[in-house]
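The sequence and structure come first, followed by the points by topic.

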Amino acid sequence: MGMVSDDGLHEGWLAPVFQDGQRGYGVSGGGIPHDHIAVGPEVQGPDGTWRYPSRPAGEVTSWILVCHCSSSSGSTATWLGPEFVRVPSAALEDLQTRRIHAVDADVQDVFHREDVEAVVADLWRTEHLFTVGTLDDVAAAAAGVAAARARLDGAVAMARHGGASWADIGRATGMSRQSAQERWRTPPPGPRS
Ligand SMILES: [Zn+2]
């Protein structure tokens, strides 16, 4: 129901927040009255029917930008972004300062208002997706460094095995003889079995 990132790993939306901090559950329809907000997964009532627990939309005082994040490794997390205050009249609305007016029937889907969605999508990209993307780059670069280090350790071990001196290793790696010896004197552990 929300915005999905290009890689499909992030789904963002604007969740209604009640005065006591409870957040909307993110489903609509399914027997929920149109001026109510679902607040949890379906529960079975005494008559056997399944219903979403809900609260009146009139109790919603703000919205918060939420992202359900997955990673390629399968882990999931919830990111919470900036909050938007619910103001009592259209005259008080100002999206740039995060004030939104919505009648009860529009609270759940206020996010689908084109002007609201534009502001929210922009925040989501700059405050969340961009950061996550750059952190992915950092992680990839760090993994590259670790792999290169392992390759270097292996190459040094091979060279030593082939008779290279610590001075030779130092020259090849741009280090002093002593530094090279200190770094590689203990042979790196072999591959774990
Ligand atoms: Zn995310």
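Does Arg 86 count as buried or exposed? In this predicted model, Arg 86 counts as buried because its relative accessibility is 16%, and the cut-off for buried is under 20%.

**Arg 86**
- Arg 86 belongs to strand S8, which covers residues 76-86.
- A polar atom of the Arg 86 side chain is 2.8 Å from the backbone oxygen of Ala 57.
- Beyond neighbours within four places in sequence, the contacts of Arg 86 include Gly 58, Trp 63, Ile 100, Asp 104 and Val 107.

**Thr 61**
- Thr 61 sits in strand S7 and is partly exposed, at a relative accessible area of 32%.
- Val 85 is 24 residues away from Thr 61 in sequence, yet their C-alpha atoms are 6.4 Å apart.
- With neighbours within four places in sequence set aside, Thr 61 contacts Val 17, Phe 18, Gln 19, Val 85 and Arg 86.

**Nonpolar cores**
- The largest nonpolar core has 26 residues, and the members touching the most others are Leu 14, Trp 63, Leu 65, Phe 84, Ile 100 and Val 120.
- Two or more residues of this core come from each of strand S2 (10-18), strand S7 (60-70), S8 and helix H1 (114-161).
- H1 contributes the most to this core, with seven residues.
- Not counting residues up to four places away in sequence, Val 120 touches Met 3, Leu 14, Leu 65, Phe 84 and Phe 111.
- Another core, of six residues, lies apart from this one; among its members are Val 156, Trp 166, Ile 169 and Trp 184.

Key:
Residues numbered from 1 in each chain as written. Predicted model: local features only at pLDDT ≥ 70, side-chain atom pairs only at ≥ 80, totals over all residues. Heavy atoms only, no water. Helix = DSSP H or I, 4+ residues; strand = E, 2+ residues; numbered from the N terminus. Buried < 20%, exposed > 50% of the residue type's maximum accessible area, 1.4 Å probe, protein only. Polar contact = N/O pair within 3.5 Å; in protein donor to acceptor, adjacent residues only side chain to side chain. Contact = heavy atoms within 4.5 Å. Core = buried A, V, L, I, M, F, W, Y, C linked by side-chain atoms within 4.5 Å.
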